[in-house]
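Please look through the model shown here with a few questions in mind. What can be read from its geometry, step by step?

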Amino acid sequence: MGPLNSCDDLPVTSSPQPPTQPTEPTGHSDHAHVGHGHDHGHAQSPDPSPDQSPAPGHSHGHSHGHGPAAPVSKHLRKVIAAVLIPFAVAVFVGMVVLWPGGAPAHERSGVGFDRQTQQGLVTALEQVDCKSVNASQVPATGSVSTPEGREAKAAQTGECKKATIEVTTGPDKGRTFFEIVQPGAPRQLEDGQEVVVAYAPDAPRDLQYSVVDVNRKLPLAVLAAIFAVAVVVVGRMRGLFALIALVVSFGVLTLFILPAILQGSNPLVVAVVGASAIMLIALYMCHGLSARTSVAVLGTLVSLLLIGLLGSVFVDWAFLSGNTDDNTGLIHGLYPEIDMSGLLLAGIIIGSLGVLDDVTVTQTSAVWELHQADPSMGSRSLYRAAIRIGRDHIASVVNTLVLAYAGAALPLLLLFSIANSSMGSVANSELVAEEIVRTLVGSIGLVASVPVTTALAALVVSADRPGSPAGAAASGPVRGGRGRRRKR
């Protein structure tokens, strides 16, 4: 299985020069230079006899130290294929068996995200007295000790906005309604602003429509376009294939994983099958069909299995229900047959996959480059050299995961800080315990992926010896140098 260099421009490498006759003094020896750069030499007298060894003279050419990995031996390619082909077939069969055929239909509850929505436009905006439109009511006791009471009191003496909203989509297109915006409301409306409106068919006609959010499609689309351009400009073909893989990953998520869970399939099984499909598509599409990518796939697979096992144990042991906020409560109310703890575990697996790909590909590439720099290194030497790179990667990736989860939960942590809760009570709450389990299980899988992938890559790449044709191809010519002297 030779490498398919599908994500980058083909590198320029020097072609092997024919053996040349030595004309230099016998005392002059050649030097092997490993790295990237240019080598300049002078070709000697051509057309030597077949049994003559090549001279230590220099071949004139240019080479660059970055390119596709040299192929491994035919036997190792068969071993890798014997492992990955059944795995890929099993993933395909699993997707066929679990394929949902779309999300199940249900009657909308009108609660939270489960509402009928249409698009709207603010066509007019005027200032009105809050008290005149009865926008806020002070509690019967007149108490302003609560935040709601203080806001209501302030609203009675403040200026509100009366917005005229026109429905721009749906069967009631062109219909208008009014929305009162209080001065302390977190969402303020502007004239000409596009909004999202909710429709409640069972409510009185004047109350059927209400503004629930603003329309952010344009800024999000512009930001996505900037991201895509930046990836393609910097990453070139590799960046383009990465974007295609990203689209495919979202397709698997929205067309397979989410509908299959809603259909009642086991969330853990669905997540494992879906994550495996995403892994195979993304890695091979971005890094080529090669032994190097196959080793990264194997390392990612082993780490995902470890994350699934640890996650299952600790989610059950910590009695995490997965039903901790309004959104998960709504899901459980609409689809009570969904295993919410299994859904939590599925999220842990899918969330860890993206960082796992980065770690395993980096470690595999490090081993391959070390081998090409010094083909004489054995598996132990390769492992020791590459694991030093991996330790730096572990430190940065684990810190990234922890900070990412902490940033997402920052408002919650702020609430605990306001309440002067101790660290132990904060960590013991189910809402925070879920994030702790998610972070630590994913981090353990990431840490384990470094030695596992490095060991697999070292064993595979060092199994090719210069004595075999494939091994000769793997070890030479040394790119970016003057070549190694051949023994007579």
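Predicted model: local features only at pLDDT ≥ 70, side-chain atom pairs only at ≥ 80, totals over all residues.

**Helix end and aromatic contacts**

Q: How far apart are the end C-alpha atoms of helix α5?
A: Helix α5 covers residues 291–317, which makes 27 residues. At 1.5 Å a residue the helix should span 39 Å, and the distance between its end C-alpha atoms agrees with this expectation, being 39 Å.

Q: Are the rings of F177 and Y209 stacked or tilted?
A: The structure holds 4 aromatic pairs. In the pair of F177 and Y209 the ring centres are 5.9 Å apart and the planes stand at 20°. Planes under 30 degrees apart count as stacked, so the pair of F177 and Y209 is stacked.

Q: How many residues apart in sequence are the parts that F177 and Y209 tie together?
A: F177 lies in strand β5 (residues 176–181), whereas Y209 lies in strand β7 (residues 209–214). The pair therefore ties together parts whose separation in sequence is 32 residues.

Q: Is Y199 buried or partly exposed?
A: The ring of Y199 pairs with that of Y209, the centres being 4.9 Å apart and the planes at 35°, so this pair is tilted. Y209, at 5% relative accessibility, counts as buried. Y199 is at 22% relative accessibility and therefore counts as partly exposed.

Q: Which residue has its charged end over the ring of F178?
A: The charged end in question sits 4.4 Å from the centre of the F178 ring. It belongs to K162.

Note on methods. Residues numbered from 1 in each chain as written. Heavy atoms only, no water. Helix = DSSP H or I, 4+ residues; strand = E, 2+ residues; numbered from the N terminus. Expected span 1.5 Å × (residues − 1). Phe/Tyr/Trp six-rings, centres within 6.5 Å; stacked < 30°, edge-to-face > 60°. Buried < 20%, exposed > 50% of the residue type's maximum accessible area, 1.4 Å probe, protein only. Lys NZ or Arg CZ within 6 Å of the ring centre and 35° of its normal.
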